[in-house]
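Open the model in your viewer and keep the selection panel at hand. Each stop below says what to select and what is there.

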Amino acid sequence: MPFLKIVNVSKVFTVGKGAAVNALHRINLDVREGEFVTLVGRSGCGKSTLLRIVAGLVSASAGHVEIGGSTVDRPRRDVGLMLQKPALLPWRTTLENVMLPLEIMGKKGRKYRDRAHELLETAGLSGFEGSYPRELSGGMQQRVSLCRSLIHDPAVLLMDEPFAALDALTREDLSNELQRISARHNKTVIFVTHSIEEAVLLADRVVVMSPRPGEVKRIIPIGVPRPRTLRKSEQTEALAQASSELRDLLFERADVAEAAA
Amino acid sequence: MNGVVNGRRPEAKSQDSSASGNAGLQDELRSAEGNTRLETAVPGEPPTQQPLGPDPAIAIGRIPLFERRLVVASLPLIATALFVLLWWVVKQAYGWNDVILPSPGRVLGSLAKNSQLLTKHGLVTLQETVLGYGLAILIAVPLGVIIGYSWVVDKALSPILMGLNAVPKVAVAPLLIIWMGFGLEPKIAMVVLLSFFPIILGAASGIKATPDDLAEMMRSLDPSAAQMFLKLRLRAALPQIFVGLQVAIALAVIGAVIGEFAGATKGLGYLITVSGGTADTALAFAALVILSVISIALYYIILGVERLLVPWADHRP
């Protein structure tokens, strides 16, 4: 029994004077509880749109999404969202930013504050609770954003290229961090990315999407136990193989087009 | 990873302690340093390049930055001195007499001699300005917020507001006197008329300009409409609201004087009219100086309130 079900989801955008764009076409995906799924694809394949439909921010033109047996029709409180930009409120300190979801859900009290402090400590942000976003580096801001998406202990974590704007070193740091957290708290994660290596490193299954219309092209299971790192050579080989398979898939169409020309 | 972040922490703290150590200099430098942070804290910066530590580049930059702030502070004084000099030179060169153009010295003399008179009338104008400006804020901020929120209201009201704003306010002054008499009311009304438009514009554009990423993040938390407004949109609009308030405060003083020109028995506008009639040009200039001082003082008060309420915005030195 899958925990998160995407059933026949299609999305049609109307652009300009009635021109319709098929952003997503009949997407079906079942995600187990605690599973880590990455969505990979070229720009315009609708992966971000799909994530927003799962988040309840965008409505599907057809089909539906179920989480824990109930249909998603609006943003839910058992879901945490993390975007490419940290999206921190500039007038709030680190701690206040992390507490925002709880505040909106009307949850107050000491135990929540303690939880926030604990999360910030795990993310290596102790000592920065009172700092404002402008005083933090990009990587630290994104860590705060990660803490915020976890503070209300959501069962599902939706991430839209959360590390795309970060440098390679910070990105590796945060990938490790995310793997630890998702494994420890048994989060179900859907993670959108452009990066093949990132997709392979993080995922139980990589969902490859193709554009126009946005469709699921292939689902590749990654058989290496998580958490993973690029430091273990026996993992590195298996991951490299998966990466290369994925690369072939993603560049297939371009190669065919080139060959035809 | 923790190692990297922890490695930075003591440095960040040591900077805090130095801040309490020499608070004066630190205050001078704070905004300048804030700018440096803004530049360096872009996404994509590795944590090893954080701006939090006592970075040698910043330490070397301190003295020039401090000097730059001194220059910034003295620029208006230098410009004023040059202006007064030019005034004096022109008067001497053309041989104009004191009725046409009083010398800077005479204006200073008049300021000293008529200090009581100027204070009395200055307070009247100040009162009209502050009351009218306050009323304009009470009307224009909520109206601007509603316009920013609802395109229906925006489309419906914008033509009326544009039309109102296009009316030359001087032409309305006699009407206000007919409707409201010679008391404070028509002057306050004139202040409102002049200052409310930029405040509406600031509030409306501020509310419309909620950053998309923040709005999306907020929506994903399923907030109530009130939470969305109070926790995000109003706060995010504050910098633009203050831009409107800053433009409006200078207009508010002008409004009070226009109101007094149209018919008054007190106020600096009245004093200027009267001194014109008695050919006491030095007194008229003295009144103008007081008007400028009021205008500048109110402007800086608004600026101070902004820094208090919007400390996160980028304040230039």
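**Stop 1: a sheet in chain A**

In this predicted model, start with the open sheet of four strands in chain A, whose order is S2-S1-S4-S5 and whose pairing is antiparallel. Strand S2 (19-31) and strand S5 (70-71) of chain A are at the edges; each has a single partner strand, so one side of each is left without a neighbour in the sheet. As background, strands of a sheet pair through backbone hydrogen bonds, either parallel or antiparallel.

Now select strand S1 (residues 4-15) and strand S4 (residues 62-67) of chain A, which run antiparallel and are joined by five bridges. Which residue of S4(A) is the bridge partner of A:Ile6? Colour A:Val65 to see this partner.

**Stop 2: the helix across the sheet**

Next, show the side chain of A:Val54. Setting aside neighbours within four places in sequence, A:Val54 is in contact with A:Ile6, A:Val65, A:Val72, A:Leu158 and A:Ile190. Two of these names, A:Ile6 and A:Val65, are the bridge partners from the previous stop.

**Stop 3: the largest nonpolar core**

The largest nonpolar core has 130 residues. Which of them touch the most other members? Select A:Val54, A:Leu158, B:Ile199, B:Ala203 and B:Ala287.

**Stop 4: strand S9 of chain A**

Is strand S9 (residues 205-210) of chain A mostly covered or mostly uncovered? Mostly covered: five of its six residues are buried.

Show strand S3 (residues 36-41) of chain A as well; S3(A) and S9(A) run parallel and are joined by five bridges. A:Gly41 stands opposite A:Met209 in S9(A).

**Stop 5: helix H11 of chain B**

Move to chain B and select helix H11 (residues 268-277), where B:Leu268, B:Gly269, B:Tyr270, B:Leu271 and B:Ile272 are buried. What covers the buried residues of H11(B)? The cover includes helix H5 (115-149), helix H10 (225-262) and helix H12 (281-309) of chain B.

End at B:Ala279, which follows H11(B) and has a positive phi near 60 degrees.

Conventions: Residues numbered from 1 in each chain as written. Chains lettered and ligands numbered in written order. Predicted model: local features only at pLDDT ≥ 70, side-chain atom pairs only at ≥ 80, totals over all residues. Pairing = 2+ DSSP bridges. Helix = DSSP H or I, 4+ residues; strand = E, 2+ residues; numbered from the N terminus. Buried ≥ 20, exposed ≤ 12 C-beta atoms within 10 Å, placed from the backbone. Contact = placed C-beta atoms within 7 Å. Core = buried A, V, L, I, M, F, W, Y, C linked by C-beta atoms within 7 Å.
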